[in-house]
Amino acid sequence: MNYLAIQAQVQALFQQENFPEAEKGCRMALELIPNDIATHFRLGCVLAAVGRKDEAVKSLQKAVSLGFNNPAMLKGEKALAPLQDMDDFKALLKKSETAKPDPAAAWNYPCEPAEIKDAVAMVTE
C-alpha cells in the first residue's frame, strides 16, 4: 500500500473511532515518510483519544519540531482535549506559535498516486 492510500485509510479509521487500526496505519505511514508533520499530528490525536497522553504529547512535539505551526488546530482538535491541562501540552502550544518547517527534514521521498479502486481516486496537490 502506498503512502496516500495509508493516509486515506487512517483518516477513515479515525473518523470511525477505530483507534488501534488508525495507530497501526500512522506507524506504517511513518515507516515510509518518517518526517511527515501531518502523520505525527494524526498519531498524537489517535494516542490522545485512547488515553496515552504522554505518547500523544511526544508525537505532537515531533510534529512541532518539524514545523507544525497551527496552535488553533492543537487547541481545537477534540481528540486532544484530554491534553489541554498538561504542562507539556501548554509548552507545545507556545512553541507551535513560532515553529517553522525545515525543508531539509521535510518531504524528500518519491510519491506515487493511489490506484483507482471502486471508481474512487485520490487527488492531491
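Contact, on this tour, means heavy atoms within 4.5 Å. You're looking at a predicted model, where local features need pLDDT of at least 70 and side-chain atom pairs count only at pLDDT 80 or more, while totals for chains, interfaces and linings use all residues. Residues are numbered from 1 along each chain as its sequence is written, and side-chain values use heavy atoms, with hydrogens and water left out.

**The whole chain**

Start with everything shown as a cartoon. The protein chain has six helices and zero strands; both are DSSP runs, numbered from the N terminus, with helices being H or I of at least four residues and strands E of at least two. Going along the sequence, the pattern reads α-α-α-α-α-α.

Of the 125 residues, 38% count as buried. Buried here is under 20% relative accessible area, exposed is over 50%, and partly exposed is in between (1.4 Å probe, protein chains only). Among contacts between residues at least 6 apart in sequence, 65% join residues at least 24 apart.

**Stop 1**

Select glutamate 17, in the loop between α1 and α2. Its phi is positive, about 60°, although glutamate 17 is not a glycine. At 54% relative accessibility, this residue counts as exposed.

**Stop 2: helix α2**

Next, select residues 19-32, which make up helix α2. Its 14 residues reach 20 Å from the first C-alpha to the last, close to the 20 Å expected at 1.5 Å a residue (the expected span is 1.5 Å times one less than the number of residues). Colour Phe19, Ala22, Glu23, Gly25, Cys26, Ala29 and Leu30, the buried residues in α2. Look down the axis and they fall within an arc of 160°, so they line one face of the helix; the arc is that of the directions from the helix axis to the C-beta atoms. Here's the background: an α-helix has 3.6 residues a turn, so residues three or four places apart point the same way.

Turn to the face away from the buried side, and you'll find the exposed residues Pro20, Lys24 and Glu31. What lies over the buried residues of α2? The cover includes α1 (3-15) and α3.

**Stop 3: threonine 39**

Step over to helix α3, residues 37-49, and pick threonine 39. Its relative accessibility is 1%, so threonine 39 counts as buried. Show side chains, and a polar contact of 2.4 Å joins threonine 39 to aspartate 36. (A polar contact is a pair of N or O atoms within 3.5 Å; within protein, one must be able to donate a hydrogen and the other to accept it, and residues adjacent in sequence count only if both atoms are side-chain atoms.) Not counting residues up to four places away in sequence, threonine 39 touches Tyr3, Gln7, Cys26, Ala29 and Leu30.

**Stop 4: two cysteines**

Select cysteine 26 and cysteine 45. How far is the sulfur of cysteine 26 from the closest cysteine sulfur? That distance, to cysteine 45, is 8.7 Å, too far for a bond. Cysteine 26 is buried because its relative accessibility is 0%, and cysteine 45 is buried too, at 3%. Across the whole structure, a search finds zero disulfides, a disulfide being a pair of cysteine sulfur atoms within 2.5 Å.

**Stop 5: helix α4**

Now select residues 53-65, helix α4. Its 13 residues reach 18 Å from first C-alpha to last, close to the 18 Å expected at 1.5 Å a residue. Ala56, Val57, Ser59, Leu60, Ala63 and Val64 are the buried ones. Down the axis of α4 they fall within an arc of 165°, so they line one face of the helix. On the other side, Asp54 and Lys58 are exposed. Bring in α3, α5 and α6, which are among what covers the buried residues of α4. After α4 comes glycine 67, with a positive phi near 120°.

**Last stop: leucine 83**

Finish in the loop between α5 (71-76) and α6 (87-96), where leucine 83 lies. Buried or exposed, at 0% relative accessibility? Leucine 83 counts as buried. Leaving aside neighbours within four places in sequence, leucine 83 is in contact with Ala48, Lys53, Ala56, Val57, Leu60 and Phe89. Check alanine 56: it sits 27 residues away along the chain, yet the two C-alpha atoms are separated by 8.4 Å.
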